[in-house]
Amino acid sequence: MDFIIEAVVKAVKHLYQTDIAADTINLQETRKEFEGQVTIVTFPFTKLSRKSPEQTGTDIGEYLHKELPQIASFNIIKGFLNISLTDAYWIEQLYNNILTEDFAVAKPNGKKVMVEYSSPNTNKPLHLGHVRNNLLGFSVSQILNAAGFEVIKANLVNDRGIHICKSMLAWQLFGNGETPVSTGEKGDHLVGKYYVIFDKEYKKQIEFLKSEGQTEEEAKKNAPLIKTAQEMLQKWEAGDEEVINLWKTMNTWVYDGFGKTYHRLGVDFDKFYYESNTYLLGKDLIEEGLENGVFYKKEDGSVWIDLTGDGLDEKLVRRADGTSVYITQDIGTAQLKYDDFQMDESIYVVGNEQDYHFKVLFLILNKLGKSWAKGLYHLSYGMVDLPSGKMKSREGTVVDADDLIDEMEQTAKEQTEALGKVNDFSEEEKLALYHTIGMGALKYFLLKVDPKKRLLFDPNESVDFQGNTGPFIQYTHARIKSVLSRAGINFTDQTNIAVLDGVERDLIVVLTQYPAIIAEAANGYNPATIANYIYELAKAYNKFYHEKSILQAEDDLLKIFRLQLSSASAKVISRGMALLGIDVPERM
């Protein structure tokens, strides 16, 4: 709509002898209850015109109508100038823009961005919280790629520490040598099982010690299991061969399990970082900060940074014994990632419970004079809750990602079969469809909500074929594909149609918005922008489908035009859903 903005600049110059900047002009989509497609807010021009908003709007509207052949008519509602563009303009948009192969395909912008997501612990399987994280990270990566960025998808795996040693120790004591192969159990589930066993046995020991007269605090410190786990961690840090070999073996089981879950979720990564390789990083940067006066040393030898002047608190960055704290290795890992890729932006997809941590991290890196720190961004997201009693968890509290995917496929199966939509499908086709619908439902439900908001996930509601759901959009796509497959006519050539019906025009208007929607979603790192746009597009197509005959159109020209409009809608739905990591079936 740049041509309208340029014309408004000229109108103001001509009418009020004043130069204005193009970026001061506020163009909006016309509200549905008014006639028009583009609205110009006229209030800012009244101080130039010294007239009422209505009269100012009329002046500008008459100038635009005279100067721009694309404008069919205009109307004024208070301080809003609503413009209706000609059918010829919208038909040209369809043929010269929307139907072209490179519609909404951004040229490379020369910028590189890393999106770090997933970041699992290797002592248990992925859970519902990880699912939102993975889907958000993958979708943001797809959107940034579509907006012209070179994207590196990174995963920092938390593969060391006391929690890993707990699983290892419990397996040593109670595992009887069982493996994923001997049990047929997924590797991450097997290791997670021993993490739970450790916890149960540890609690028993605490209770026993309390019965012997120790306090809760003393019992937690003195329980033999925790002491042995701590010894194991020290041995790991010292490079003890036996401990390292067990650690490698059990982590291999976990990675195999994670790989299967990632595949089912439809997410992937370009680069893996492992905490076992990065936990010693950052110490040199602490020394650098001490020399430059960014950090200071207390009498006991511990190193701190004072952030009270920035509205935060004092933060420990190295213990008195010289060992790192968590932020130390995050400082080092941030430097490592930049050294590896020299990216312009680095996005951390991490839950909102870490908001403060990232404020501190980014502030420290800025104070250390890292020029690239201004490109760091924490994509914070809220928790996912489930309706109570809807889904069981093997650990009792956290819902397992694999169980959730199974549940989604089962729910999709039940809903689809109840509607009788798959009677002519083979068993293999049915299973593939249930996975596509189930995952489409899950992903869409989690991504249609602004990441910052906490959300309540209801599996049954998400698989509804009506309303703002993934399956509704998937069904719309399948419906269009069904229409196109029954066309019985070549519809590739441009037609000489001159007049549009209201629903046809409305559909083209929505389709033209797609490139701007991608840019908006990329700027805000927000897949919900894409999700809600695609829902509006699916609704607009269904309205067109119900009100206009496509295959039984009055003549072939109209039939071809409506098939082309249908084809364009299917293309944008398919590409838009792919940005959310969602497949759309050809039939269902």
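A: Start with a definition. A residue is buried if its relative accessible area is under 20% and exposed if over 50%; in between, it is partly exposed. Ser-118 has a relative accessibility of 2%, so Ser-118 counts as buried. Keep in mind that this is a predicted model.

Q: Where does Ser-118 lie?

A: Ser-118 is in the loop between strand 5 (112-116) and helix 5. Its backbone deserves a look. Ser-118 is not a glycine, yet its phi is positive, about 85°. Ser-119 is not a glycine either, and has a positive phi of about 40°.

Q: Is Ser-119 buried, exposed or partly exposed?

A: Ser-119 has 27% relative accessibility, which means that it counts as partly exposed. Ser-119 too is placed in the loop between strand 5 and helix 5.

Q: How many helices and strands does the protein chain have?

A: There are 23 helices and 14 strands. The chain has 588 residues, of which 52% count as buried. Its C-alpha trace spans about 90 × 65 × 40 Å along the principal axes.

Q: What share of the contacts joins residues 24 or more positions apart?

A: Take the contacts with a separation of 6 or more. Residues 24 or more positions apart account for 73% of these.

Q: What span should helix 5 have?

A: The expected span is 1.5 Å times one less than the number of residues. Helix 5 (residues 128-146) has 19 residues, so it should span 27 Å. Its end C-alpha atoms are 27 Å apart, which agrees.

Q: How many of the residues of helix 5 are buried?

A: The count is 16 of the 19, so helix 5 is largely enclosed by the rest of the structure. After helix 5 comes Gly-148, with a positive phi near 105°.

Q: Now the rings. How many aromatic pairs are there?

A: The count comes to 25 aromatic pairs. To name the geometry, look at the angle between the planes: over 60 degrees counts as edge-to-face. The planes of Phe-43 and Phe-80 are at 85°, so this pair is edge-to-face. Their ring centres are 5.8 Å apart.

Q: Which parts of the chain does that pair link?

A: The pair links distant parts, 37 residues apart. Phe-43 is in the loop between strand 2 (38-41) and helix 2 (46-49), and Phe-80 is in strand 4 (residues 80-85). Phe-43 is partly exposed, at 41% relative accessibility. Phe-80 is partly exposed, at 31%.

Q: What kind of aromatic pair do Phe-445 and Phe-457 form?

A: They form an edge-to-face pair, with 5.3 Å from centre to centre and 80° between the planes. Phe-445 is in helix 17 (residues 427-447). Phe-457 is in the loop between strand 14 (455-456) and helix 18 (459-462). Both Phe-445 and Phe-457 are buried.

Q: Which charged end sits over the ring of Phe-445?

A: That of Lys-448, 4.8 Å from the ring centre. Likewise, the charged end of Lys-271 sits over the ring of Tyr-273, 5.1 Å from its centre.

Q: Which residues form one aromatic cluster?

A: Tyr-117, Tyr-255, Phe-258, Tyr-262, Phe-269, Phe-272 and Tyr-274 do.

Q: Next, a charged residue. Is Arg-318 buried or exposed?

A: Apply the cut-off again. Arg-318 has a relative accessible area of 11%, so it is buried. Arg-318 is in strand 10 (residues 314-318).

Q: What joins the side chains of Arg-318 and Glu-287?

A: A polar contact of 2.8 Å. Leaving aside neighbours within four places in sequence, Arg-318 contacts several residues, including Ile-286, Leu-290 and Val-325.

Q: Where is the place of Arg-486?

A: Arg-486 is in the loop between helix 19 (470-485) and helix 20 (502-512). With a relative accessible area of 49%, Arg-486 is partly exposed. Its side chain reaches the backbone oxygen of Ser-482 at 3.3 Å.

Q: Last one. What does His-163 touch?

A: Set aside residues up to four places away in sequence. His-163 then touches Asn-121, Asn-123, Asn-158 and Tyr-195. His-163 is in helix 6 (residues 162-174). At 17% relative accessibility, His-163 counts as buried.

Methods. Residues are numbered from 1 along each chain as its sequence is written. This is a predicted model: local features need pLDDT of at least 70, side-chain atom pairs count only at pLDDT 80 or more; totals for chains, interfaces and linings use all residues. Side-chain values use heavy atoms; hydrogens and water are left out. Helices (H or I, at least four residues) and strands (E, at least two) are DSSP runs, numbered from the N terminus. Buried means under 20% relative accessible area, exposed over 50%, partly exposed in between (1.4 Å probe, protein chains only). A polar contact is a pair of N or O atoms within 3.5 Å; within protein, one must be able to donate a hydrogen and the other to accept it, and residues adjacent in sequence count only if both atoms are side-chain atoms. Contact means heavy atoms within 4.5 Å. Rings of Phe, Tyr and Trp (its six-membered ring) pair if their centres lie within 6.5 Å; planes under 30 degrees apart count as stacked, over 60 as edge-to-face and the rest as tilted. A charge sits over a ring if NZ of Lys or CZ of Arg is within 6 Å of the ring centre and within 35 degrees of the ring normal.
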